[in-house]
Amino acid sequence: AARAVLTVQSELVQKGGQVLIESRLQEENTALLSPGLIDVTSISNRSDAEVFGPLLQLIRVPDFEQALREANRTHYGLAAALFCEDKERYKQFERVIRAGCVNWNRWSTGASGALPFGGIGLSGNHRPAGYFSADYCSYPVASLEQDRMQLTGNLPPGLTFE
């Protein structure tokens, strides 16, 4: 699994992606990787394959509307998060974005197992998931919201803000 993530990272760099943070194997003969971040803005023919590991692809866009179009350009859509303090902008994001977990000023990881999983894209199972969710959920999308941008608790392992 770790080799697969590192292979994707190498392929992205070969296609013109710029390494912002390199994902590295933390210990030989394990699958433990440090998080990686690759700017893939200059790659014109980007793959739409999911990467199951700590490797993010950054795509720079000129405005919010283009960001929404780019985010919805995938066939997947497990989770999406918007960090801003403008509630109207978040409402627009929530209406337009195609993801199963749509968060406002909250991480897009660590969601409750009681929430729907994956939404309507290929990431999901196209139905509510979690314990008894069929009793309370008719559309497989959930949202965690916070009206202020602030760090809560500890950062996930390997992440720091400078």
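Guide: A pocket is an open set of points on a 1 Å grid over the protein atoms alone, where a 1.4 Å probe fits, with protein on both sides within 12 Å along at least five of seven lines; lining residues have an atom within 4 Å of a point. The model is predicted, so local features need pLDDT of at least 70 and side-chain atom pairs 80 or more, whereas totals for chains, interfaces and linings use all residues. Residues are numbered from 1 along each chain, and side-chain values use heavy atoms, without hydrogens or water.

The second largest pocket is lined by V8, E11, L12, K15, I43, N45, R46, S47, A49, E50, V51 and Q57. Helix α1, residues 2-14, contributes the most to this lining, with 3 residues (helices are DSSP runs of H or I of at least four residues, strands runs of E of at least two).

Elsewhere, the whole structure holds 3 aromatic pairs (ring centres within 6.5 Å; stacked under 30 degrees, edge-to-face over 60, otherwise tilted). The rings of Y90 and F93 are tilted, because their planes meet at 40 degrees, with centres 6.4 Å apart. Both residues belong to helix α3, residues 87-96, and are separated by 3 residues, about one turn of the helix. Y90 also pairs with W104: the centres are 5.0 Å apart and the planes at 10 degrees, so this pair is stacked. Y90 is buried at 1% relative accessible area, and W104 is buried at 3% (buried is under 20%, with a 1.4 Å probe and protein chains only).

Definitions and conventions
Rings of Phe, Tyr and Trp (its six-membered ring) pair if their centres lie within 6.5 Å; planes under 30 degrees apart count as stacked, over 60 as edge-to-face and the rest as tilted. Buried means under 20% relative accessible area, exposed over 50%, partly exposed in between (1.4 Å probe, protein chains only).
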